[in-house]
Amino acid sequence: MAKLATGDRAPSLDLTAVTGEPVRSPDPDRLVHLQFRRFAGCPICHLHLRAFARAADRLTDAGVREIVFFHSGADELREHVRDLPFAVIADGDKRWYRAFGVEAGARALLDPRAWPGIVRAVTAALWLLPRRKAHLPSANPSGGRLGLPADLLIGPDGTVLAAKYGTHADDQWSVEEVLTLARTAGRAVTAA
């Protein structure tokens, strides 16, 4: 499927998180931030999601529900995400990546704009691994290492309010960008 743009209708989701909890989108009471990350244990994804975990209360207060996809199997994924305070979906066959138009390609790692993020993430992982606060990724992760990130903000009616398809491995919305989009989208949803 093609990439979704602002104003498009997002596919409805009725899934199960790796923790066993049911996950649905759209959410009639909140905005949904769909994050498409790379593979289980990806150092960039780990660092990125830790920022979202630290901001979980702020995101909830802003009316945002986080749902995070990985193109890894549930068994491979669980040890890497067990302490995250939001729903994580295993999508080892990339069904939802295709449905939302999320791509992969060598530019994920070859784009020089990704390199500072890769260095930061690997440095953080080297610090966390001996402390057992991170786990090594698989030597051959399902879905490969060349996935690109994507972020979509979905309104209560299923409309895509904003979308970002990454051009390299570290090209994704920050917590502050999601909060700003939520404030803007919240005003637009209320006015409608």
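A salt bridge is defined here as a side-chain nitrogen of Lys or Arg within 4 Å of a carboxyl oxygen of Asp or Glu. The model is predicted, so local features need pLDDT of at least 70 and side-chain atom pairs count only at pLDDT 80 or more, while totals for chains, interfaces and linings use all residues. Residues are numbered from 1 along each chain as its sequence is written, and side-chain values use heavy atoms, with hydrogens and water left out.

**View 1. The salt bridge between Asp-171 and Lys-164.** The closest N and O atoms of this pair are 2.8 Å apart. Asp-171 counts as buried because its relative accessibility is 14%, whereas Lys-164, at 24%, is partly exposed. Buried denotes a relative accessible area under 20%, exposed over 50%, and partly exposed the range in between (1.4 Å probe, protein chains only). The structure holds nine salt bridges, and this pair is one of them.

**View 2. The salt bridge between Asp-151 and Arg-37.** The two side chains meet with an N to O distance of 3.7 Å. The pair links distant parts of the chain, 114 residues apart: Asp-151 lies in strand β6 (residues 150–154), and Arg-37 in the loop between β3 (31–36) and α1 (43–54). Helices (H or I, at least four residues) and strands (E, at least two) are DSSP runs, numbered from the N terminus. Asp-151 is buried, with 0% relative accessibility; Arg-37 is likewise buried, with a relative accessible area of 0%.

**View 3. The salt bridge between Asp-27 and Arg-30.** The side chains of Asp-27 and Arg-30 meet at 3.2 Å, N to O. Asp-27 is buried because its relative accessible area is 10%, whereas Arg-30 is partly exposed at 29%.

View 4. Leaving aside residues up to four places away in sequence, Thr-159 touches Gly-7, Asp-8, Arg-9, Leu-153 and Ile-154, where contact means heavy atoms within 4.5 Å.

**View 5. Asp-61 in helix α2 (residues 56–61).** Asp-61 is exposed because its relative accessibility is 71%. Asp-61 and Leu-179 are 118 residues apart in sequence, and their C-alpha atoms are 9.8 Å apart in space.
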